[in-house]
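Hi,

Here is the structure I said I would pass on.

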Amino acid sequence: MSQERLNNSILENLPPEVIKPAYDRNEVTPGIVHLGIGAFHRAHQAWYTENRIAAGENSWGIIGASLRSPGVRDQLVPQNGLYSLVEKSNAGTKVQIIGAVSDVYVAPESPQQLLELLAREEIRIVSLTITEKGYCHDPASGNLNPQHPDVVHDLENPGQPKSALGFIVGALKLRKARGLPGFTVLSCDNLPSNGKLLGRVLVQYAQQVDAELAAWIADNTTTPATMVDRIVPATTDADRDELEALLGCRDEAAVMAEPFSQWVVEDNFLRGRPDWDKAGATFVDDVEVYELIKLRLLNGSHSMLAYSGYLAGFETVAEVMAEPAFNKLALHFMKTEATTSIEVPTDFDVAAYQAQLIERFENRALRHRTWQIAMDGSQKIPQRWLGTLRHQLETQGPIDVLSFALANWIRYVSAVDESGNAIEVSDPLAAQLKELHDHQSGNPHALTAAFLAFTPVFGDDLRHNERLQEAVAEWLEKLSENGTLACVRERFSAV
Ligand code: NAI
Ligand code: CS2
(Lines give C-alpha, C1' and ligand atoms only; values in the text may rest on other atoms or scores of the structure.)
(Ligands and ions follow the chains in the order given, each with its own letter.)
Protein backbone atom coordinates (compact mmCIF):
# COMPACT_ATOMS: atom_id res chain seq x y z
CA MET A 1 0.00 0.00 0.00
CA SER A 2 1.61 3.30 -1.10
CA GLN A 3 2.43 5.75 1.64
CA GLU A 4 1.26 9.37 1.80
CA ARG A 5 2.01 11.47 -1.30
CA LEU A 6 4.72 14.12 -1.23
CA ASN A 7 3.20 17.53 -0.34
CA ASN A 8 3.97 20.85 1.35
CA SER A 9 2.97 19.69 4.83
CA ILE A 10 5.44 16.78 5.02
CA LEU A 11 8.49 18.50 3.51
CA GLU A 12 10.17 18.96 6.90
CA ASN A 13 9.74 15.25 7.72
CA LEU A 14 11.83 14.13 4.75
CA PRO A 15 15.30 12.64 5.40
CA PRO A 16 17.93 15.33 6.14
CA GLU A 17 20.06 14.43 3.11
CA VAL A 18 17.18 15.32 0.80
CA ILE A 19 17.55 18.91 -0.46
CA LYS A 20 14.31 20.85 0.09
CA PRO A 21 13.09 24.22 -1.27
CA ALA A 22 14.81 26.82 0.94
CA TYR A 23 12.24 29.58 0.40
CA ASP A 24 8.56 30.40 1.12
CA ARG A 25 6.62 29.04 -1.87
CA ASN A 26 3.74 31.40 -1.04
CA GLU A 27 6.00 34.34 -1.91
CA VAL A 28 6.60 33.07 -5.46
CA THR A 29 4.59 34.54 -8.37
CA PRO A 30 4.40 33.12 -11.94
CA GLY A 31 6.61 34.56 -14.67
CA ILE A 32 7.11 31.49 -16.89
CA VAL A 33 4.58 29.22 -18.59
CA HIS A 34 6.15 25.97 -19.79
CA LEU A 35 4.46 24.03 -22.61
CA GLY A 36 5.22 20.29 -22.59
CA ILE A 37 5.92 19.72 -18.89
CA GLY A 38 7.50 16.31 -19.42
CA ALA A 39 10.47 14.76 -17.61
CA PHE A 40 13.17 16.85 -19.27
CA HIS A 41 11.76 20.26 -18.33
CA ARG A 42 11.43 19.18 -14.71
CA ALA A 43 15.03 17.90 -14.58
CA HIS A 44 16.61 20.80 -16.47
CA GLN A 45 15.10 24.27 -16.92
CA ALA A 46 12.99 23.96 -13.70
CA TRP A 47 16.15 22.95 -11.80
CA TYR A 48 18.03 26.06 -12.95
CA THR A 49 14.97 28.20 -12.13
CA GLU A 50 14.63 26.58 -8.69
CA ASN A 51 18.14 27.76 -7.92
CA ARG A 52 17.24 31.36 -8.85
CA ILE A 53 13.97 31.37 -6.89
CA ALA A 54 15.89 30.12 -3.84
CA ALA A 55 18.24 33.07 -4.38
CA GLY A 56 15.31 35.49 -4.16
CA GLU A 57 14.24 35.85 -7.79
CA ASN A 58 10.69 34.87 -6.80
CA SER A 59 8.78 36.43 -9.70
CA TRP A 60 9.91 33.57 -11.98
CA GLY A 61 7.59 30.85 -10.75
CA ILE A 62 6.60 28.24 -13.36
CA ILE A 63 3.11 27.16 -14.40
CA GLY A 64 3.24 24.05 -16.55
CA ALA A 65 0.89 23.00 -19.32
CA SER A 66 0.42 19.73 -21.15
CA LEU A 67 -0.99 20.05 -24.66
CA ARG A 68 -1.69 16.34 -24.79
CA SER A 69 -2.58 14.39 -21.63
CA PRO A 70 -3.56 14.98 -17.97
CA GLY A 71 -0.88 12.50 -16.73
CA VAL A 72 1.66 14.97 -15.33
CA ARG A 73 -1.05 17.23 -13.92
CA ASP A 74 -2.47 14.24 -12.02
CA GLN A 75 1.02 13.47 -10.70
CA LEU A 76 1.95 17.04 -9.68
CA VAL A 77 -1.18 18.87 -8.54
CA PRO A 78 -2.02 16.46 -5.66
CA GLN A 79 1.58 17.12 -4.49
CA ASN A 80 1.23 20.94 -4.56
CA GLY A 81 3.49 20.88 -7.63
CA LEU A 82 6.38 19.33 -5.67
CA TYR A 83 8.51 16.57 -7.17
CA SER A 84 11.89 14.90 -6.70
CA LEU A 85 14.82 15.34 -9.04
CA VAL A 86 16.85 12.16 -8.53
CA GLU A 87 20.43 12.42 -9.79
CA LYS A 88 21.78 8.94 -10.46
CA SER A 89 25.30 7.87 -11.34
CA ASN A 90 27.57 4.89 -10.81
CA ALA A 91 28.83 6.85 -7.76
CA GLY A 92 25.40 7.07 -6.07
CA THR A 93 22.08 8.98 -5.80
CA LYS A 94 21.21 12.54 -4.78
CA VAL A 95 17.63 13.77 -4.25
CA GLN A 96 16.38 17.37 -4.47
CA ILE A 97 12.73 18.43 -4.05
CA ILE A 98 11.84 21.07 -6.64
CA GLY A 99 9.22 23.70 -5.69
CA ALA A 100 9.38 26.01 -8.74
CA VAL A 101 6.24 24.58 -10.41
CA SER A 102 3.03 25.81 -8.78
CA ASP A 103 0.35 24.43 -11.11
CA VAL A 104 -0.26 22.41 -14.27
CA TYR A 105 -2.91 23.12 -16.93
CA VAL A 106 -4.23 20.48 -19.33
CA ALA A 107 -4.95 22.21 -22.63
CA PRO A 108 -7.41 19.70 -24.14
CA GLU A 109 -9.60 20.02 -21.01
CA SER A 110 -9.79 23.84 -21.19
CA PRO A 111 -7.96 25.48 -24.10
CA GLN A 112 -9.48 28.88 -23.27
CA GLN A 113 -8.06 28.75 -19.74
CA LEU A 114 -4.55 28.22 -21.13
CA LEU A 115 -4.97 31.02 -23.69
CA GLU A 116 -5.96 33.36 -20.85
CA LEU A 117 -3.00 32.26 -18.75
CA LEU A 118 -0.61 32.95 -21.64
CA ALA A 119 -2.23 36.37 -22.08
CA ARG A 120 -1.52 37.43 -18.46
CA GLU A 121 0.86 40.42 -18.38
CA GLU A 122 3.19 38.91 -15.76
CA ILE A 123 4.00 36.00 -18.06
CA ARG A 124 7.26 37.11 -19.67
CA ILE A 125 8.69 33.78 -20.87
CA VAL A 126 6.90 30.87 -22.57
CA SER A 127 9.28 27.92 -22.73
CA LEU A 128 8.81 24.68 -24.62
CA THR A 129 9.85 21.03 -24.57
CA ILE A 130 7.22 19.64 -26.91
CA THR A 131 9.50 17.15 -28.74
CA GLU A 132 10.94 17.54 -32.20
CA LYS A 133 7.51 16.79 -33.75
CA GLY A 134 5.66 19.51 -31.80
CA TYR A 135 6.71 22.40 -34.09
CA CYS A 136 4.49 21.33 -37.02
CA HIS A 137 7.43 21.90 -39.37
CA ASP A 138 8.85 19.99 -42.29
CA PRO A 139 12.12 18.54 -40.85
CA ALA A 140 13.85 18.60 -44.24
CA SER A 141 13.17 22.33 -44.99
CA GLY A 142 12.58 23.79 -41.52
CA ASN A 143 9.47 25.63 -42.69
CA LEU A 144 5.92 25.35 -41.34
CA ASN A 145 4.05 22.36 -42.75
CA PRO A 146 0.70 23.97 -43.72
CA GLN A 147 -0.84 20.51 -44.19
CA HIS A 148 0.05 19.43 -40.65
CA PRO A 149 -3.27 18.23 -39.12
CA ASP A 150 -2.84 20.41 -36.01
CA VAL A 151 -2.15 23.50 -38.12
CA VAL A 152 -5.22 22.87 -40.27
CA HIS A 153 -7.32 22.30 -37.11
CA ASP A 154 -6.04 25.36 -35.26
CA LEU A 155 -6.54 27.77 -38.15
CA GLU A 156 -10.16 26.60 -38.38
CA ASN A 157 -10.64 26.56 -34.55
CA PRO A 158 -8.54 29.42 -33.09
CA GLY A 159 -10.40 29.24 -29.73
CA GLN A 160 -9.57 25.52 -29.26
CA PRO A 161 -6.00 25.10 -30.47
CA LYS A 162 -4.15 21.79 -30.25
CA SER A 163 -0.65 22.89 -31.25
CA ALA A 164 1.85 25.03 -29.37
CA LEU A 165 1.84 27.40 -32.36
CA GLY A 166 -1.94 27.77 -32.12
CA PHE A 167 -1.77 28.58 -28.39
CA ILE A 168 1.15 30.99 -28.65
CA VAL A 169 -0.24 32.92 -31.63
CA GLY A 170 -3.75 32.92 -30.06
CA ALA A 171 -2.37 34.36 -26.81
CA LEU A 172 -0.29 36.98 -28.62
CA LYS A 173 -3.39 38.03 -30.54
CA LEU A 174 -5.17 38.58 -27.20
CA ARG A 175 -2.19 40.52 -25.83
CA LYS A 176 -2.05 42.75 -28.92
CA ALA A 177 -5.79 43.44 -28.70
CA ARG A 178 -5.49 44.30 -24.99
CA GLY A 179 -2.45 46.58 -25.49
CA LEU A 180 -0.18 44.22 -23.53
CA PRO A 181 3.48 43.55 -24.36
CA GLY A 182 4.62 40.32 -25.97
CA PHE A 183 6.87 37.68 -24.41
CA THR A 184 9.93 35.60 -25.14
CA VAL A 185 9.32 32.11 -26.56
CA LEU A 186 12.14 29.78 -25.55
CA SER A 187 12.53 26.46 -27.36
CA CYS A 188 14.35 23.87 -25.23
CA ASP A 189 14.03 21.05 -27.74
CA ASN A 190 16.82 19.20 -29.59
CA LEU A 191 16.42 21.01 -32.89
CA PRO A 192 19.04 22.79 -34.98
CA SER A 193 18.82 26.61 -34.63
CA ASN A 194 15.75 25.98 -32.50
CA GLY A 195 15.24 29.71 -31.84
CA LYS A 196 15.25 30.68 -35.52
CA LEU A 197 13.08 27.69 -36.42
CA LEU A 198 10.49 28.61 -33.78
CA GLY A 199 10.51 32.28 -34.80
CA ARG A 200 10.04 31.29 -38.44
CA VAL A 201 7.14 28.83 -37.95
CA LEU A 202 5.41 31.20 -35.51
CA VAL A 203 5.38 34.03 -38.06
CA GLN A 204 4.52 31.66 -40.94
CA TYR A 205 1.56 30.39 -38.89
CA ALA A 206 0.47 33.95 -37.89
CA GLN A 207 0.59 35.04 -41.54
CA GLN A 208 -2.18 32.53 -42.20
CA VAL A 209 -4.26 34.24 -39.47
CA ASP A 210 -3.55 37.94 -40.15
CA ALA A 211 -0.56 39.65 -41.77
CA GLU A 212 -0.69 42.58 -39.31
CA LEU A 213 -0.61 40.17 -36.36
CA ALA A 214 2.37 38.36 -37.94
CA ALA A 215 4.23 41.68 -38.19
CA TRP A 216 3.37 42.52 -34.57
CA ILE A 217 4.60 39.13 -33.40
CA ALA A 218 7.88 39.60 -35.27
CA ASP A 219 8.39 42.91 -33.42
CA ASN A 220 7.02 41.97 -30.00
CA THR A 221 8.54 38.56 -29.32
CA THR A 222 12.03 37.11 -29.15
CA THR A 223 12.93 33.45 -29.73
CA PRO A 224 16.44 32.89 -28.40
CA ALA A 225 18.31 29.74 -29.38
CA THR A 226 19.32 27.19 -26.76
CA MET A 227 21.50 24.13 -26.50
CA VAL A 228 20.07 21.86 -23.82
CA ASP A 229 21.83 18.82 -22.42
CA ARG A 230 21.05 16.40 -19.58
CA ILE A 231 20.16 12.72 -20.04
CA VAL A 232 16.70 12.23 -18.53
CA PRO A 233 15.09 8.81 -19.12
CA ALA A 234 11.35 8.27 -18.65
CA THR A 235 10.59 7.50 -14.97
CA THR A 236 9.44 3.92 -14.25
CA ASP A 237 7.33 2.53 -11.41
CA ALA A 238 10.45 0.73 -10.22
CA ASP A 239 12.13 4.15 -9.89
CA ARG A 240 9.13 5.46 -7.89
CA ASP A 241 9.12 2.42 -5.59
CA GLU A 242 12.86 2.79 -4.95
CA LEU A 243 12.40 6.48 -4.17
CA GLU A 244 9.42 5.82 -1.89
CA ALA A 245 11.66 3.65 0.28
CA LEU A 246 14.19 6.48 0.47
CA LEU A 247 11.75 9.38 1.07
CA GLY A 248 9.16 7.63 3.25
CA CYS A 249 6.40 9.02 1.06
CA ARG A 250 5.17 8.48 -2.51
CA ASP A 251 6.26 10.82 -5.30
CA GLU A 252 4.41 10.06 -8.53
CA ALA A 253 6.03 13.00 -10.36
CA ALA A 254 9.71 12.19 -9.71
CA VAL A 255 12.27 12.51 -12.51
CA MET A 256 15.57 10.66 -12.93
CA ALA A 257 18.64 12.37 -14.39
CA GLU A 258 22.39 12.08 -14.71
CA PRO A 259 24.49 14.53 -12.64
CA PHE A 260 25.80 16.25 -15.79
CA SER A 261 23.80 19.25 -17.04
CA GLN A 262 24.50 21.98 -19.62
CA TRP A 263 22.40 24.88 -20.87
CA VAL A 264 23.71 27.37 -23.41
CA VAL A 265 21.27 30.21 -24.13
CA GLU A 266 21.29 33.11 -26.58
CA ASP A 267 20.87 36.18 -24.35
CA ASN A 268 17.92 37.72 -26.18
CA PHE A 269 14.98 38.17 -23.81
CA LEU A 270 12.21 40.72 -24.42
CA ARG A 271 11.23 41.41 -20.80
CA GLY A 272 14.02 40.05 -18.62
CA ARG A 273 14.93 36.55 -17.49
CA PRO A 274 16.17 34.77 -14.39
CA ASP A 275 19.96 34.89 -13.77
CA TRP A 276 20.25 31.26 -14.87
CA ASP A 277 23.98 31.80 -15.41
CA LYS A 278 24.35 32.00 -11.62
CA ALA A 279 22.90 28.49 -11.55
CA GLY A 280 25.41 27.17 -14.08
CA ALA A 281 23.85 28.06 -17.44
CA THR A 282 25.89 29.96 -20.08
CA PHE A 283 24.60 33.02 -21.92
CA VAL A 284 26.18 33.60 -25.32
CA ASP A 285 25.49 35.60 -28.49
CA ASP A 286 25.78 32.57 -30.76
CA VAL A 287 24.64 29.10 -29.73
CA GLU A 288 25.21 27.53 -33.17
CA VAL A 289 28.48 25.61 -32.62
CA TYR A 290 27.35 24.30 -29.23
CA GLU A 291 24.18 22.92 -30.82
CA LEU A 292 26.06 21.34 -33.70
CA ILE A 293 28.57 19.58 -31.42
CA LYS A 294 25.85 18.31 -29.11
CA LEU A 295 23.33 17.26 -31.77
CA ARG A 296 25.89 15.51 -34.01
CA LEU A 297 28.08 13.90 -31.35
CA LEU A 298 25.76 13.12 -28.42
CA ASN A 299 22.40 12.79 -30.18
CA GLY A 300 23.96 11.36 -33.36
CA SER A 301 25.61 8.57 -31.31
CA HIS A 302 22.49 8.07 -29.19
CA SER A 303 20.30 7.41 -32.23
CA MET A 304 22.92 5.14 -33.87
CA LEU A 305 23.24 3.11 -30.61
CA ALA A 306 19.44 3.10 -30.14
CA TYR A 307 18.48 1.41 -33.44
CA SER A 308 21.47 -0.94 -33.66
CA GLY A 309 21.44 -1.64 -29.90
CA TYR A 310 17.72 -2.41 -29.89
CA LEU A 311 18.07 -4.79 -32.86
CA ALA A 312 21.07 -6.42 -31.17
CA GLY A 313 18.79 -7.13 -28.20
CA PHE A 314 19.90 -4.49 -25.68
CA GLU A 315 17.22 -2.65 -23.67
CA THR A 316 19.28 0.27 -22.29
CA VAL A 317 22.17 2.44 -23.48
CA ALA A 318 24.35 1.29 -20.58
CA GLU A 319 23.78 -2.34 -21.65
CA VAL A 320 24.76 -1.49 -25.23
CA MET A 321 27.93 0.24 -23.94
CA ALA A 322 28.82 -2.80 -21.84
CA GLU A 323 29.36 -4.70 -25.13
CA PRO A 324 33.02 -3.84 -25.99
CA ALA A 325 32.50 -3.68 -29.77
CA PHE A 326 29.60 -1.23 -29.38
CA ASN A 327 31.62 0.84 -26.91
CA LYS A 328 34.41 1.13 -29.49
CA LEU A 329 31.91 1.83 -32.24
CA ALA A 330 30.48 4.84 -30.36
CA LEU A 331 33.88 6.54 -30.00
CA HIS A 332 34.90 5.54 -33.53
CA PHE A 333 31.75 7.23 -34.89
CA MET A 334 32.42 10.42 -32.95
CA LYS A 335 36.07 10.57 -34.05
CA THR A 336 35.86 9.56 -37.70
CA GLU A 337 32.48 10.95 -38.82
CA ALA A 338 30.55 13.26 -36.44
CA THR A 339 33.40 15.53 -35.31
CA THR A 340 34.96 15.93 -38.75
CA SER A 341 31.79 17.65 -39.99
CA ILE A 342 32.10 20.51 -37.49
CA GLU A 343 34.51 23.45 -37.23
CA VAL A 344 35.33 22.89 -33.58
CA PRO A 345 36.56 26.06 -31.77
CA THR A 346 40.30 25.80 -31.06
CA ASP A 347 39.76 26.26 -27.33
CA PHE A 348 37.25 23.39 -27.15
CA ASP A 349 38.79 20.04 -26.01
CA VAL A 350 36.78 17.73 -28.27
CA ALA A 351 38.66 14.57 -27.19
CA ALA A 352 37.70 15.25 -23.56
CA TYR A 353 34.10 15.89 -24.66
CA GLN A 354 34.02 12.58 -26.55
CA ALA A 355 35.46 10.69 -23.55
CA GLN A 356 32.90 12.31 -21.25
CA LEU A 357 30.06 11.26 -23.60
CA ILE A 358 31.23 7.65 -23.46
CA GLU A 359 31.29 7.84 -19.65
CA ARG A 360 27.80 9.38 -19.59
CA PHE A 361 26.47 6.60 -21.87
CA GLU A 362 28.05 4.02 -19.53
CA ASN A 363 25.99 5.27 -16.56
CA ARG A 364 24.42 1.98 -15.33
CA ALA A 365 22.35 3.79 -12.68
CA LEU A 366 20.19 5.33 -15.43
CA ARG A 367 17.89 2.95 -17.30
CA HIS A 368 17.74 4.91 -20.56
CA ARG A 369 15.88 2.64 -22.96
CA THR A 370 17.05 2.26 -26.55
CA TRP A 371 13.34 2.19 -27.46
CA GLN A 372 12.81 5.70 -25.95
CA ILE A 373 15.67 7.23 -27.95
CA ALA A 374 14.48 5.37 -31.08
CA MET A 375 11.20 7.35 -30.99
CA ASP A 376 10.46 9.93 -33.71
CA GLY A 377 13.40 8.98 -35.95
CA SER A 378 11.89 10.81 -38.94
CA GLN A 379 12.00 14.01 -36.85
CA LYS A 380 15.45 13.43 -35.32
CA ILE A 381 17.61 11.93 -38.11
CA PRO A 382 17.88 15.11 -40.25
CA GLN A 383 19.73 17.08 -37.52
CA ARG A 384 21.52 14.11 -35.95
CA TRP A 385 22.95 12.34 -39.01
CA LEU A 386 22.23 14.06 -42.33
CA GLY A 387 24.30 17.20 -41.75
CA THR A 388 27.32 14.99 -41.00
CA LEU A 389 26.49 12.72 -43.94
CA ARG A 390 26.26 15.56 -46.47
CA HIS A 391 29.60 16.90 -45.24
CA GLN A 392 31.24 13.47 -45.51
CA LEU A 393 29.85 12.92 -49.01
CA GLU A 394 31.02 16.35 -50.17
CA THR A 395 34.52 15.81 -48.74
CA GLN A 396 34.89 12.09 -49.59
CA GLY A 397 35.03 11.42 -45.84
CA PRO A 398 34.12 8.05 -44.26
CA ILE A 399 30.41 7.13 -44.08
CA ASP A 400 30.77 3.56 -42.79
CA VAL A 401 29.04 4.15 -39.45
CA LEU A 402 26.33 6.50 -40.76
CA SER A 403 25.39 4.05 -43.52
CA PHE A 404 25.36 1.27 -40.87
CA ALA A 405 23.10 3.50 -38.73
CA LEU A 406 20.73 4.24 -41.63
CA ALA A 407 20.51 0.54 -42.51
CA ASN A 408 19.57 -0.27 -38.91
CA TRP A 409 16.94 2.51 -38.86
CA ILE A 410 15.43 1.14 -42.07
CA ARG A 411 15.25 -2.32 -40.45
CA TYR A 412 13.84 -0.85 -37.22
CA VAL A 413 10.92 0.91 -38.95
CA SER A 414 9.91 -2.43 -40.51
CA ALA A 415 8.50 -2.92 -36.97
CA VAL A 416 9.85 -6.48 -36.78
CA ASP A 417 13.01 -7.34 -34.83
CA GLU A 418 15.65 -9.97 -35.60
CA SER A 419 13.69 -12.65 -33.69
CA GLY A 420 10.50 -11.89 -35.59
CA ASN A 421 8.93 -10.02 -32.65
CA ALA A 422 6.91 -6.86 -33.28
CA ILE A 423 8.57 -3.50 -32.54
CA GLU A 424 6.33 -0.69 -31.27
CA VAL A 425 7.66 2.00 -33.61
CA SER A 426 6.65 5.40 -32.18
CA ASP A 427 6.97 7.97 -34.99
CA PRO A 428 4.46 10.35 -36.61
CA LEU A 429 5.42 8.80 -39.98
CA ALA A 430 5.54 5.16 -38.76
CA ALA A 431 2.83 3.91 -41.12
CA GLN A 432 4.42 5.48 -44.20
CA LEU A 433 7.87 4.17 -43.23
CA LYS A 434 6.60 0.63 -42.68
CA GLU A 435 4.81 0.68 -46.02
CA LEU A 436 7.97 1.96 -47.69
CA HIS A 437 9.91 -0.91 -46.10
CA ASP A 438 7.44 -3.67 -46.81
CA HIS A 439 7.12 -2.57 -50.45
CA GLN A 440 10.80 -3.26 -51.13
CA SER A 441 11.84 -5.66 -48.37
CA GLY A 442 14.22 -8.40 -49.49
CA ASN A 443 15.82 -6.16 -52.12
CA PRO A 444 18.51 -4.07 -50.35
CA HIS A 445 19.18 -1.79 -53.30
CA ALA A 446 15.53 -1.03 -54.04
CA LEU A 447 14.87 -0.58 -50.30
CA THR A 448 17.73 1.88 -49.94
CA ALA A 449 16.66 3.82 -53.03
CA ALA A 450 13.08 4.04 -51.76
CA PHE A 451 14.18 5.43 -48.38
CA LEU A 452 16.71 7.92 -49.77
CA ALA A 453 13.93 9.21 -52.02
CA PHE A 454 11.66 9.78 -48.99
CA THR A 455 11.79 13.62 -49.08
CA PRO A 456 10.16 14.41 -45.67
CA VAL A 457 13.37 13.05 -44.09
CA PHE A 458 16.07 13.10 -46.78
CA GLY A 459 15.08 16.09 -48.90
CA ASP A 460 15.90 15.90 -52.61
CA ASP A 461 19.68 15.53 -52.83
CA LEU A 462 20.72 12.25 -51.18
CA ARG A 463 18.73 9.96 -53.49
CA HIS A 464 21.19 10.58 -56.30
CA ASN A 465 24.31 9.69 -54.31
CA GLU A 466 25.62 6.33 -55.57
CA ARG A 467 28.27 5.99 -52.86
CA LEU A 468 25.65 6.32 -50.16
CA GLN A 469 23.23 4.06 -52.01
CA GLU A 470 25.90 1.32 -52.24
CA ALA A 471 27.08 1.66 -48.63
CA VAL A 472 23.58 1.42 -47.10
CA ALA A 473 22.51 -1.44 -49.37
CA GLU A 474 25.68 -3.36 -48.51
CA TRP A 475 24.98 -2.99 -44.79
CA LEU A 476 21.33 -4.04 -45.25
CA GLU A 477 22.54 -7.22 -46.93
CA LYS A 478 25.14 -8.01 -44.22
CA LEU A 479 22.80 -7.17 -41.33
CA SER A 480 19.95 -9.35 -42.60
CA GLU A 481 22.39 -12.25 -43.18
CA ASN A 482 24.37 -12.07 -39.90
CA GLY A 483 22.38 -9.89 -37.48
CA THR A 484 23.46 -6.62 -35.89
CA LEU A 485 25.49 -7.90 -32.93
CA ALA A 486 27.63 -10.22 -35.08
CA CYS A 487 28.20 -7.43 -37.63
CA VAL A 488 29.26 -4.97 -34.91
CA ARG A 489 31.68 -7.46 -33.38
CA GLU A 490 33.10 -8.41 -36.77
CA ARG A 491 33.49 -4.85 -38.07
CA PHE A 492 34.12 -2.64 -35.03
CA SER A 493 35.87 -4.78 -32.37
CA ALA A 494 39.27 -3.64 -33.59
CA VAL A 495 38.63 0.06 -34.35
P1 NAI B 1 8.35 13.42 -22.16
O2 NAI B 1 7.73 12.33 -22.95
O3 NAI B 1 8.52 13.26 -20.70
O4 NAI B 1 7.53 14.78 -22.38
C5 NAI B 1 7.22 15.19 -23.67
C6 NAI B 1 6.27 16.37 -23.55
O7 NAI B 1 5.97 16.82 -24.87
C8 NAI B 1 4.92 16.00 -22.92
O9 NAI B 1 4.48 17.06 -22.12
C10 NAI B 1 3.99 15.82 -24.13
O11 NAI B 1 2.64 16.13 -23.83
C12 NAI B 1 4.57 16.87 -25.06
N13 NAI B 1 4.30 16.61 -26.47
C14 NAI B 1 4.56 15.48 -27.16
N15 NAI B 1 4.20 15.63 -28.45
C16 NAI B 1 3.71 16.88 -28.57
C17 NAI B 1 3.19 17.64 -29.65
N18 NAI B 1 3.09 17.12 -30.88
N19 NAI B 1 2.78 18.92 -29.41
C20 NAI B 1 2.86 19.44 -28.16
N21 NAI B 1 3.34 18.77 -27.09
C22 NAI B 1 3.77 17.51 -27.31
O23 NAI B 1 9.77 13.68 -22.86
P24 NAI B 1 11.00 14.55 -22.29
O25 NAI B 1 12.00 13.62 -21.74
O26 NAI B 1 10.49 15.64 -21.46
O27 NAI B 1 11.62 15.13 -23.66
C28 NAI B 1 10.94 16.14 -24.37
C29 NAI B 1 11.90 16.85 -25.31
O30 NAI B 1 12.92 17.48 -24.52
C31 NAI B 1 12.69 15.94 -26.25
O32 NAI B 1 11.95 15.61 -27.40
C33 NAI B 1 13.90 16.79 -26.58
O34 NAI B 1 13.63 17.71 -27.59
C35 NAI B 1 14.12 17.54 -25.27
N36 NAI B 1 15.21 16.93 -24.50
C37 NAI B 1 15.04 15.79 -23.77
C38 NAI B 1 16.11 15.26 -23.08
C39 NAI B 1 16.00 13.97 -22.34
O40 NAI B 1 17.05 13.35 -22.04
N41 NAI B 1 14.82 13.48 -22.01
C42 NAI B 1 17.40 15.93 -23.05
C43 NAI B 1 17.50 17.09 -23.91
C44 NAI B 1 16.42 17.58 -24.59
C1 CS2 C 1 17.91 11.39 -26.62
C2 CS2 C 1 17.92 12.76 -25.99
O3 CS2 C 1 15.66 10.59 -26.61
C4 CS2 C 1 16.58 11.09 -27.29
O5 CS2 C 1 16.42 11.35 -28.46
O6 CS2 C 1 18.96 11.33 -27.55
O7 CS2 C 1 16.78 12.99 -25.26
C8 CS2 C 1 19.16 12.90 -25.09
O9 CS2 C 1 19.01 12.12 -23.94
C10 CS2 C 1 19.40 14.32 -24.71
O11 CS2 C 1 19.45 15.14 -25.81
C12 CS2 C 1 20.60 14.52 -23.81
O13 CS2 C 1 20.79 15.87 -23.56
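Before the rest, some housekeeping. This is a predicted model, so to speak of local features I need pLDDT of at least 70, side-chain atom pairs count only at pLDDT 80 or more, and totals for chains, interfaces and linings use all residues. Residues are numbered from 1 along each chain as its sequence is written, chains are lettered from A and ligands numbered from 1 in the order in which they are written, and side-chain values use heavy atoms, with hydrogens and water left out.

**Ligand 1**

A backbone N or O atom of Asn190 is 3.0 Å from an oxygen atom of ligand 1, and for a polar backbone atom of Arg230 the distance to an oxygen atom of ligand 1 is 3.2 Å. On its own ligand 1 exposes 830 Å², of which the protein buries 80% (areas from the Shrake-Rupley method with a 1.4 Å probe; for residues, only the protein chains shown count as cover).

Which residues are the closest to ligand 1? They are Ala39, Phe40, Asp189, Asn190 and Val232, out of 21 that surround it (near means that a heavy atom of the residue lies within 4 Å). Split by class, that shell has nine nonpolar, seven polar and five charged residues. For the classes, Ala, Val, Leu, Ile, Met, Phe, Trp, Tyr, Cys and Pro count as nonpolar, Asp, Glu, Lys and Arg as charged, and the others, Gly among them, as polar.

**Ligand 2**

Here the side chains come in. Oxygen atoms of ligand 2 are found 2.6 Å from an N or O atom in the side chain of Asp229, 2.6 Å from one in the side chain of Lys294, and 2.8 Å from a polar side-chain atom of His302. Taken alone, ligand 2 exposes 340 Å², and the protein buries 88% of that.

Helices (H or I, at least four residues) and strands (E, at least two) are DSSP runs, numbered from the N terminus.

**Helix H8**

What is buried in H8, residues 211-220? Leu213, Ala214, Trp216 and Ile217 are (buried is under 20% relative accessible area, exposed over 50%, partly exposed in between, with a 1.4 Å probe and protein chains only). Down the axis of H8, the buried residues fall within an arc of 160°, so they line one face of the helix; the arc is that of the directions from the helix axis to the C-beta atoms. Ala211, Glu212 and Asp219 are exposed on the other side of H8.

**Loops and cysteines**

Ser141 is in the loop between strand E6 (125-128) and helix H5 (149-156), and counts as partly exposed because its relative accessibility is 41%. The side chain of Ser141 makes a 2.9 Å polar contact with the side chain of Asp138 and reaches the backbone nitrogen of Asn143 at 3.1 Å. Val457 is 316 residues away from Ser141 along the chain, yet their C-alpha atoms are separated by 9.3 Å.

The loop between E6 and H5 also holds Thr131, which has a positive phi of about 70° although it is not a glycine. Asn80, in the loop between helix H3 (71-76) and strand E3 (83-89), has a positive phi too, near 55°.

As for disulfides (a pair of cysteine sulfur atoms within 2.5 Å), the count is zero. Cys249 is buried at 2% relative accessibility, and Cys487 is buried at 3%.

Cheers

Methods. A polar contact is a pair of N or O atoms within 3.5 Å; within protein, one must be able to donate a hydrogen and the other to accept it, and residues adjacent in sequence count only if both atoms are side-chain atoms.
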